[in-house]
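Here is a short report on one protein model. Keep the sequence and the 3D view open while you read.

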Amino acid sequence: MPQPPEPDWIETRLVGARPQAIAALLRYFRDLDLAEEAFQEACLRALGSWPKNGPPRDAAGWLIMVGRNAAIDHKRRQARLTALPDEAAISDREDAEAALVERLDAADYRDDILRLLFVCCHPDLPATQQIALALRIVSGLPVRRIAAAFLVGDRAMEQRITRAKARIARADIPFETPGPAERAERFAAVSAMIYLVFNEGYTDANPQGERAALCDEAIRLARLMLRLFPAEPEMMGLLALMLLQHSRRKARFDKTGAAILLEDQDRTLWNRGRIAEALAMIDKAMLHRQPGPYQIQAAIAALHARAERPEDTDWGGIDALYQALERHAPSPVVTLNRSVAIWKLHGPEAALEMIAPLAGPLDGYFYFHGVRGNLLERLGRKSEARDAFGRAIALANTPAEAAHIRKHLDRLEG
């Protein structure tokens with residue numbers, strides 16, 4: 001008799017299977033709301049079945065089959081309550097079953113999740129709605145997390161996602177992989193979505209966790225995109241960036257699940273194979289002489305990866321790259337990241353002065369208060385540091401983030 005999994009284990013397995021299950025159900029039904037409802041029904045049945053019988057070997061396949069059957073049963077019940085159309089409207093129809101088989105079995109470019117990303121990033125949707133919808137549908141992020149990523153309120157984000165789904169329904173957007181021209185138009189939005197999926201897995205403190213598997217899924221999707229756009233340096237940059245960040249996976253958390261800062265990590269745990277692939281990818285991208293945000297971020301990560309010891313880090317080069325990133329993709333978060341290089345080069349006072357204007361736009365951002373608290377602590381301003389760390393804990397997105405900040409507070413109070 002299989003041992004029943006713990007409830008939190010079940011939840012992470014459902015989260016990990018969500019992208020593939022939703023994408024397959026959408027391909028089958030071509031109805032976004034119905035695909036979501038089918039997946040939710042399958043999850044409810046999993047919660048009832050898996051604790052008693054144990055999880056299936058293929059969680060995504062189980063959820064797809066159960067969700068599809070549940071939705072078909074629902075549609076049949078609805079059909080019994082709906083009057084039949086005139087005979088003339090149904091007597092000359094093509095074989096509907098054959099069309100379903102074609103949708104399920106056609107082999108030309110049938111990566112379900114990638115197709116779903118392109119659907120969510122349809123140009124009929126505003127850019128902010130594209131990424132928000134894809135984060136909700138593909139990776140199943142809670143509205144609160146998506147709102148935090150966009151620095152907007154929960155209610156505003158909920159409305160944004162609802163409007164996007166309604167627009168897809170009204171516009172009768174085809175649930176097919178777009179052609180080459182359309183793919184090029186949606187490149188930026190799909191790339192951003194892939195990176196956001198990666199970041200959702202990146203925050204999981206368990207290297208073997210189902211949510212951590214989203215990192216591997218994002219890297220796989222980036223490789224697929226690179227096959228579609230083999231000469232696109234920004235896709236090379238994105239893939240290199242994710243490989244470099246993922247190379248540090250085993251060194252980023254301690255045994256309690258608390259985050260370990262880059263300078264404190266055991267660099268012998270870094271995956272040198274991923275680093276080597278990423279560095280070669282960056283070199284290839286640079287040959288195109290078309291710098292962009294992903295390439296610059298990858299170059300920053302590469303400088304960290306090349307340093308054998310923390311004290312070997314080229315902070316001057318990192319500061320210069322962040323200045324370039326501010327020109328290509330200016331944002332308060334980029335300036336906040338640059339402040340770490342300024343601290344290393346010119347001290348905590350200069351860094352604190354740099355981030356002072358960010359207090360308004362980043363007031364709801366965990367990392368702003370964490371960085372500010374760290375700088376205040378180093379300047380001996382313990383009371384202000386304590387307040388900043390308290391605010392950071394209130395905004396933490398994961399237990400690992402909160403645990404890391406608590407260590408700072410313990411040190412202040414010790």
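The axes are lines fitted to C-alpha atoms, for helices over the stretch in contact, and the angles run from 0 to 180 degrees between N-to-C directions.

## Ground rules

This is a predicted model, in which local features need pLDDT of at least 70 and side-chain atom pairs count only at pLDDT 80 or more, while totals for chains, interfaces and linings use all residues. Residues are numbered from 1 along each chain as its sequence is written, and side-chain values use heavy atoms, with hydrogens and water left out.

## The whole chain

The protein chain has 21 helices and 0 strands. Both are DSSP runs, numbered from the N terminus: helices are H or I with at least four residues, strands are E with at least two.

The chain has 414 residues, and 48% of them count as buried. Buried means under 20% relative accessible area, exposed means over 50%, and partly exposed lies in between (1.4 Å probe, protein chains only). The chain exposes about 20900 Å², with 53% of that supplied by carbon and sulfur atoms. Such areas come from the Shrake-Rupley method with a 1.4 Å probe; for residues, only the protein chains shown count as cover.

Contact means heavy atoms within 4.5 Å. Take the contacts in the chain with a separation of 6 or more: 64% of them join residues 24 or more positions apart.

## Helix 17 and helix 19

Helix 17 covers residues 332-346 and helix 19 covers residues 366-378. Their axes come within 10 Å and cross at roughly 20 degrees. Helix 17 and helix 19 are therefore roughly parallel to each other.

The crossing of helix 17 and helix 19 is left-handed. In a left-handed crossing the near helix is turned anticlockwise from the far one by less than a right angle; clockwise makes it right-handed. Helix 17 brings Leu336, Ser339 and Trp343 to the meeting. Helix 19 answers with residues including Tyr367, Phe368 and Val371.

Helix 12 (residues 213-228) and helix 13 (residues 233-247) have axes that come within 9 Å and cross at roughly 155 degrees. So helix 12 and helix 13 are roughly antiparallel. Their crossing is left-handed. Among the residues that meet are Cys215, Ala218, Ile219 and Ala222 in helix 12, and Met235, Leu239 and Met242 in helix 13.

Now turn to helix 13 and helix 14. Their axes come within 8 Å and cross at roughly 160 degrees. That makes helix 13 roughly antiparallel to helix 14. Helix 13 passes helix 14 in a left-handed crossing. The contact includes Pro233, Met236 and Leu239 of helix 13, and Arg274, Ile275 and Ala278 of helix 14.

## Residues to find

Leaving aside neighbours within four places in sequence, Met242 is in contact with Ile194, Tyr195, Phe198, Ala218, Ile219 and Ala222. Met242 and Ala278 are 36 residues apart along the chain, and their C-alpha atoms are separated by 8.4 Å.

Arg272 lies in helix 14, which covers residues 272-286. Arg272 is partly exposed, with a relative accessible area of 42%. Not counting residues up to four places away in sequence, Arg272 touches Arg267 and Ala305. Ser247 is 25 residues from Arg272 in sequence and 7.1 Å away in space, C-alpha to C-alpha.

## A loop residue

Arg289 sits in the loop between helix 14 and helix 15 (293-306). Arg289 counts as exposed, at 76% relative accessibility. Its phi is near 55 degrees, a positive value in a residue other than glycine.

## Cysteines

A disulfide is a covalent bond between the sulfur atoms of two cysteines. Here the test is a pair of cysteine sulfur atoms within 2.5 Å. How many disulfides does a search of the whole structure find? The search finds 0. Cys121 is in no disulfide, and the nearest cysteine sulfur, that of Cys120, is 6.4 Å away. Cys121 is buried, with a relative accessible area of 1%. Cys215 is also buried, at 0%.

How values were computed. Angles under 35 degrees count as roughly parallel, over 145 as roughly antiparallel, 65 to 115 as roughly perpendicular and the rest as oblique.
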